[in-house]
Amino acid sequence: MSKRTARTTPTRRSIGLPILIVAAALVGVLALIGYQWWASRPSEGVLAVDYPSGLTPDGYPYKGNPEAKIVIEEYSDFQCPVCARYVREVAPRLDAKYVKAGKVYYIFRYFPFLGPESFRAAEAAACAAEQGRFWEYEHILFANQRGENLGWFSDDRLIGFAARVGLDRGRFENCLLSGKYRDFIRQAAESGRQRGVRATPTFFINGEKIEGLYDVTFYETYLDTLLQKGP
């Protein structure tokens, strides 16, 4: 029996090993195909900005009414997938109900912390803001996330995104490649840390800190409660 076992065991292994190799290779191929499909999926079109927008006195993008009763400050990282969900699922509702109605003054504050491509994308967004197209560019960045620091937010792609939202390509390219806003973005990140920001998205609504993403009804209830209060 011991000899038969010794003879048959290698045979089973010799049959099983090729099967395992083929199965592993098949899984790898399917994973590669899946990633290539995900990475090449069509991105969204250009956002239509139909509300007041501009830059705050300290250089951050805003939208809405600077005289509004409610001030929302958003700290965000362009490689943050939860931030992208917020932009897709929550922001459009808040824009329609509060920003366009002049009920909210909404400020975007750069908080890149997920790596070098977060900083580079933030620099690019600041260059877009210089030309008055921050919100369109923000939308394109979040719509084109493909993982963290995988080379997707290369200078070439960031410049390509600028052309898609109608920016002056030459002016944008000079701005980005010169590092015009490098120090500004670093200071913005440090300012966020000093304020206690630890993750993205983080919001300050009239000074009250709210960390993370919630269902849109949470924000609507929170804002409606503030609006119902006296001046």
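Entry 1: I looked up Asn-149 and found it partly exposed, with a relative accessible area of 30%. I used these classes: buried is under 20% relative accessible area, exposed is over 50%, and partly exposed lies in between, with a 1.4 Å probe and protein chains only. Asn-149 is not a glycine, yet its phi is positive, at about 55°. I located Asn-149 in the loop between α4 (134-143) and α5 (155-164). Asn-206, also partly exposed, has a relative accessible area of 39%. Its phi is near 50°, a positive value in a residue other than glycine, and Asn-206 lies in the loop between β5 and β6 (208-211).

**Entry 2: basis of the values.** I note that the model is predicted: local features need pLDDT of at least 70, side-chain atom pairs count only at pLDDT 80 or more, and totals for chains, interfaces and linings use all residues. Residues are numbered from 1 along each chain as its sequence is written, and side-chain values use heavy atoms, with hydrogens and water left out.

**Entry 3: overall build.** I recorded eight helices and six strands; helices (H or I, at least four residues) and strands (E, at least two) are DSSP runs numbered from the N terminus. Along the sequence I read the pattern α-β-β-β-α-β-α-α-α-α-α-β-β-α. Of the 231 residues in the protein, 42% are buried. A contact means heavy atoms within 4.5 Å. Of the contacts with a separation of 6 or more, 76% are between residues 24 or more positions apart.

**Entry 4: a cis bond.** I checked the peptide bond from Thr-200 to Pro-201 and found it cis, with omega near -5°. Pro-201 is in the loop between α7 (182-194) and β5 (202-205).

**Entry 5: the sheet.** In what order do the strands of the open sheet lie? I read β1-β2-β4-β3-β5-β6, six strands with mixed pairing; two strands pair if DSSP finds at least two bridges between them. β1 (53-55) and β6 are the edge strands, each pairing on one side only. The twist averages 20° from one strand to the next. Axes here are lines fitted to C-alpha atoms, for helices over the stretch in contact, and angles run from 0 to 180 degrees between N-to-C directions. Strand β3 (residues 70-76) pairs with β5 in the antiparallel sense over four bridges, and Glu-74 has Phe-203 in β5 as its bridge partner. Helix α3 (residues 116-130) packs on the sheet, touching β1, β2 (61-64) and β4 (104-110), and its direction makes about 135° with that of β4. Helix α4 also packs there, touching β1, β2, β3 and β4, at about 55° to the direction of β4.

**Entry 6: aromatic rings.** Rings of Phe, Tyr and Trp (its six-membered ring) pair if their centres lie within 6.5 Å; planes under 30 degrees apart count as stacked, over 60 as edge-to-face and the rest as tilted. By this rule I count 25 aromatic pairs. Phe-108 and Trp-135 have ring centres 6.4 Å apart and planes at 90°, so the pair is edge-to-face. This pair links strand β4 to helix α4, 27 residues apart, and Phe-108 and Trp-135 are both buried.

**Entry 7: charges over rings.** A charge sits over a ring if NZ of Lys or CZ of Arg is within 6 Å of the ring centre and within 35 degrees of the ring normal. I found Lys-63 over the face of Tyr-106, at 4.8 Å from the ring centre. The charged end of Arg-195 sits over the ring of Phe-204, 3.9 Å from its centre.
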